[in-house]
Amino acid sequence: MDGAMLSKGKESLLIPDNSQVINSSVVDRCPHRSEIQSVALAEGEGDNCLILGTVDSYGHLIVSRLDIMADDIDRTSYSVPPRDCGVGEGSWAGICFSPTQRSMVAVARQLCKSIDIYDQDIHVRSLRALWYPSSFSFVQCSPQVNESNSLLAIAEGSQLSIWDLRMNNNGGCVQRISGSIGDIIYSVCSSPSGPIAIGGTDRAVTIYDPRRWSALSRWVGCSKYEITGLSFSSVDQSFIYVQGVDYEITCGRWKESERAFSFRGDSNWLGFSKCANTDVVAGWCESGSIFIADARQM
């Protein structure tokens, strides 16, 4: 996006320009038999390698290594069936990679109230949540707090739970923070500098300090509707991106509760993501359109 041609509307709303896809690739090795619920992309070993993970509604995990410079991007892949062999009813399922150990992946299944940890295709352990998980993330903290990057933050109903994969006591749960009764947490994310953010039906973003597990800040009214996606800025971690259940994404300073800019899709968002190490954000709408914003040009 060219900053000189950037168009803005009222209340710092960005107006997108039409663009054309120059090149695209199809991943052939994702033979899911039910609806894909979550997709995760991580950097692999080497400059041109990416790792793509997908999980379907029964918890079937497929991880593919991709060469983005080759005409045939597919390299190797492995598949991990669910622990219960996929019996029962399908539901939301999520996936996330460890930010420091790319071979480690976590898979959450909502109706089963379970989070399974894998090292490639080897099952490491299972975590049993009290409530239905709706979002989760590996915690990116300072070495003093999270020495081996083994902490996992899970949104369960109105509670935020923290799990240490090295611990066996209490099933691995080391902290549980309760929100307002009746409110549901839909999104959780962490910053490399430490803070953990949650958001949901209360339309507010709450930031927690992992050293004391106390609230650092609360940005009320940052979204008109329920919050379903959050991500800290990679350029300046005092900023956070907030996705509502409608068609708007907002970026602002979480300490000052101050909006910096926002942009909208042409229909409700189906998904939202930010690049791991830079502030390029994208959303996919119900209409099939994809909206991309490069915040570095703003």
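Aromatic pairs. The model I am reading is a predicted one, and in it I count four aromatic pairs, taking ring centres within 6.5 Å as the cut-off. I looked up Tyr 241 and Phe 261, whose ring centres are 6.4 Å apart and whose planes stand at 70 degrees, so I note this pair as edge-to-face. Because Tyr 241 belongs to strand S20 (residues 239-244) and Phe 261 to strand S22 (residues 258-264), the pair ties together parts that are 20 residues apart in sequence. I find both Tyr 241 and Phe 261 buried.

Next I turned to Trp 269 and Phe 291, an edge-to-face pair with 6.1 Å from centre to centre and 85 degrees between the planes. Trp 269 lies in strand S23 (residues 269-274) and Phe 291 in strand S25 (residues 290-294), so this contact ties together parts 22 residues apart in sequence. Both Trp 269 and Phe 291 are buried, and together with Phe 263 they form one aromatic cluster.

Charge and ring. For Lys 113 I noted that its charged end sits over the ring of Tyr 132, at 4.8 Å from the ring centre.

Sheet. I then followed an open sheet of four strands, which run in the order S11-S12-S13-S14 with antiparallel pairing. Its edge strands are S11 (133-138) and S14 (173-178), each of which pairs on one side only, and neighbouring strands are turned by 20 degrees against each other on average, direction ignored. Strand S13 (residues 159-164) pairs with S14 in the antiparallel sense over five bridges, and I find Ser 161 opposite Arg 176 of S14.

Notes
Residues are numbered from 1 along each chain as its sequence is written. This is a predicted model: local features need pLDDT of at least 70, side-chain atom pairs count only at pLDDT 80 or more; totals for chains, interfaces and linings use all residues. Side-chain values use heavy atoms; hydrogens and water are left out. Rings of Phe, Tyr and Trp (its six-membered ring) pair if their centres lie within 6.5 Å; planes under 30 degrees apart count as stacked, over 60 as edge-to-face and the rest as tilted. Helices (H or I, at least four residues) and strands (E, at least two) are DSSP runs, numbered from the N terminus. Buried means under 20% relative accessible area, exposed over 50%, partly exposed in between (1.4 Å probe, protein chains only). A charge sits over a ring if NZ of Lys or CZ of Arg is within 6 Å of the ring centre and within 35 degrees of the ring normal. Two strands pair if DSSP finds at least two bridges between them. Axes are lines fitted to C-alpha atoms, for helices over the stretch in contact, and angles run from 0 to 180 degrees between N-to-C directions.
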